[in-house]
Structures are given as structure tokens and as C-alpha cells.
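Please read the following note alongside the sequence and the coordinates. It is written for a reader who is new to structural description.

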Amino acid sequence: MSTTTLTPNPMVATEATAERSSLARDTGIVLMRELRPMLRDPFSLIFGLVQPIVFLALFGPLLGGSLAGSVPGGSVWQWFVPAILVMTALFGSSTVGSNLLYEMQTGAHERMLVTPLSRSSLLVGRALKEMVTLGAQAVLIVAVMVPFGFRLYPAGALLGLVLLAVFGIGLGSLSYALAIAVRKQDWMFWVVQQTFLFPLMILSGMLLPLESGPGWMQVLSRFNPLTYIVDAERALFSGELASGGVAWGALAAVATLAVGLAVGIRGMRRSAG
């Protein structure tokens, strides 16, 4: 009885490698295109710091007076600063679709579609650009807060930024998908974005602990992926790398990334039609 040995087809492997290389190259081209305006005018990066700094300056002292000793971990800044970083990612990533809407209105998006760039790279490159901005803002926020008593754990902070990037790319991809879906009624973008933004933020325990809130809010928070990301960021920025909350946060971030890329890439391909 003879047996047949199946050998890998070198042509298939070569084509797959070439496809990945082409996607990486196209993504890099789109990323550099998106970064050039920010590099020429970094004011937008600085302006993006206004909102989180205002929250830290005005909301932080209120928390220090009313919640000192009652927040998990005991330190108001260790509890609040990671939440502000998540809030920065939430606000920044959920609004990026408005940039795509503007490009659709001016015809810039259609000009990109006639180039040989892959449709996936048009989405991923844009999302990565937002992560560069988010990373720079997060580093500046942490640097500002260290002199005020915020303790920095480098390994945890680095992992926290990676987790934020994963979540931000997924959320940004969903924002682009929403922009494509409502491109003929662009005002709907802000209706949907605002409808989901604030309930997600409040039910995550980002600004106030939910442990003392009503039971129905605590139940709803368990179905909010942002809750697990906020908890993971607080654990990581406190140096608790092995916390179970980190694992749940990583799972929520990866799930957001997978869903966001799947929906966003599908929408980007359909926008060519």
C-alpha cells in the first residue's frame, strides 16, 4: 500500500508572502500621507491635550476631596490618570470618521480609491496614524502628572499604551465604517457617535466608581467592553501586570480590534463601488 506525501506548494507560499509585503508597503504609504499634515502643523496634537488636561485639573481635585481613601488602590491619581488616557483614546478614535467624511466631500477619498493601494491599507494606515497621535498625547499626559504624585511603572505603562493602541485601532476602524455607511447623510455620523459615546464612558466607571452606584448600572457595566479596558489600564499603570483584570481588558481590546477591522475593511471595499 503506497502513501502519497503532500508537499507545500511554493507558488502559494510566495504569493501569500508577496501579498503581505504589498499590504505592509501600502499601509506605510497611507500612514505617511496621514502623518505629513500633523508633522507640518503639530498644533493639532497640542490642542488634543486641552480636554484631558482640563479634566485632570478640574475633576481630579474634586475626586481627591470626595473619594480619597475610597477609590480602589487608594491613590486618586493612579486611579484617575489611566481613565483619562482611555477617555482620550475613546474621544479621539471615535471621531476619526469625520476626517474620512470630509475627504469624501472634497473628492480626496475617490482619488485614493483609483490608486493601486489595497483597500485594507486605506483603513489600517489611517487607524495607525491616530495611534501615533494617541501615543504622543498619552506620553505627554503621564509626563505632566508625574510631578504631581503619579507613580510611573515603566513596564506596566508600556503595556498599557499597547493595549490602548489595540483598542484605538479597532474603535477607529468602526468610526471609519460608520462614516462610509452614512456618507450620504453625514449628520448621522455625529448622532450615532454621541448616542454611544457618553453611555459607554459613564458605564465604564471612568469618571466615578460604579461600586457605589445603583445595581442596574453595575449590571450594564459588565456588558460594556470599555469597563474591562479601563480596569486593565488602572492595573497596568499601577504595576499589577499579572492582574486578572489585565487579561479581561486584553480580551476586550482584541475583540474590538477584530470586529473593527472586519467591519471597517468591508466598508472600505464597498466604498469603491
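The numbered points below treat the model, its annotation and several residues in turn.

1. Basis of the note. This is a predicted model, in which local features need pLDDT of at least 70 and side-chain atom pairs count only at pLDDT 80 or more, whereas totals for chains, interfaces and linings use all residues. Residues are numbered from 1 along each chain as its sequence is written, and side-chain values use heavy atoms, with hydrogens and water left out.

2. Annotated spans. An unreviewed UniProt entry places the feature "transmembrane region" at residues 43-64, 76-102, 131-150, 156-180, 187-208 and 246-265; such annotations may be inferred rather than shown by experiment, and their positions are given here in the numbering of the model, with feature names shortened. Helices (H or I, at least four residues) and strands (E, at least two) are DSSP runs, numbered from the N terminus. The span 76-102 is 93% helix and 0% strand, and its end C-alpha atoms lie 40 Å apart. For residues 246-265 the figures are 100% helix and 0% strand, with 28 Å between the end C-alpha atoms.

3. Salt bridges. The structure holds 3 salt bridges, a salt bridge being a side-chain nitrogen of Lys or Arg within 4 Å of a carboxyl oxygen of Asp or Glu. One of them joins Arg-25 to Asp-26, with the closest N and O atoms 3.8 Å apart. Residues are called buried under 20% relative accessible area, exposed over 50%, and partly exposed in between (1.4 Å probe, protein chains only). Arg-25 is partly exposed because its relative accessible area is 49%, while Asp-26, at 5%, counts as buried.

4. A network. Which residues are linked in a network of salt bridges? They are Arg-33, Glu-103 and Arg-126. Between Arg-33 and Glu-103 the closest N and O atoms are 3.6 Å apart. Arg-33 lies in helix 1 (residues 10-40) and Glu-103 in helix 5 (residues 97-106), so this pair ties together parts that are 70 residues apart in sequence. Between Glu-103 and Arg-126 the corresponding distance is 2.5 Å. That pair also links distant parts of the chain, 23 residues apart, with Arg-126 in helix 7 (residues 119-145). Both Glu-103 and Arg-126 are buried, whereas Arg-33 is partly exposed at 25%.

5. Ser-93. Not counting residues up to four places away in sequence, Ser-93 touches Met-131, Gly-168, Leu-171, Gly-172 and Ser-175, where contact means heavy atoms within 4.5 Å.

6. Tyr-228. This residue lies in helix 11 (residues 225-237) and, at 26% relative accessibility, counts as partly exposed. Its C-alpha atom is 7.8 Å from that of Ser-204, 24 residues away along the chain. Neighbours within four places in sequence being left aside, Tyr-228 is in contact with Arg-222, Gly-245, Trp-248, Gly-249 and Ala-252.

7. A nonpolar patch. Val-50, Val-54 and Leu-58 make a nonpolar surface patch of about 260 Å². Patches are made of residues with over 30% relative accessible area and no salt bridge, like charges being joined within 9 Å and nonpolar side chains (Val, Leu, Ile, Met, Phe, Trp, Tyr) within 5 Å; accessible areas come from the Shrake-Rupley method with a 1.4 Å probe, and for residues only the protein chains shown count as cover. Val-50 belongs to helix 3 (residues 50-66) and is partly exposed at 42% relative accessibility.
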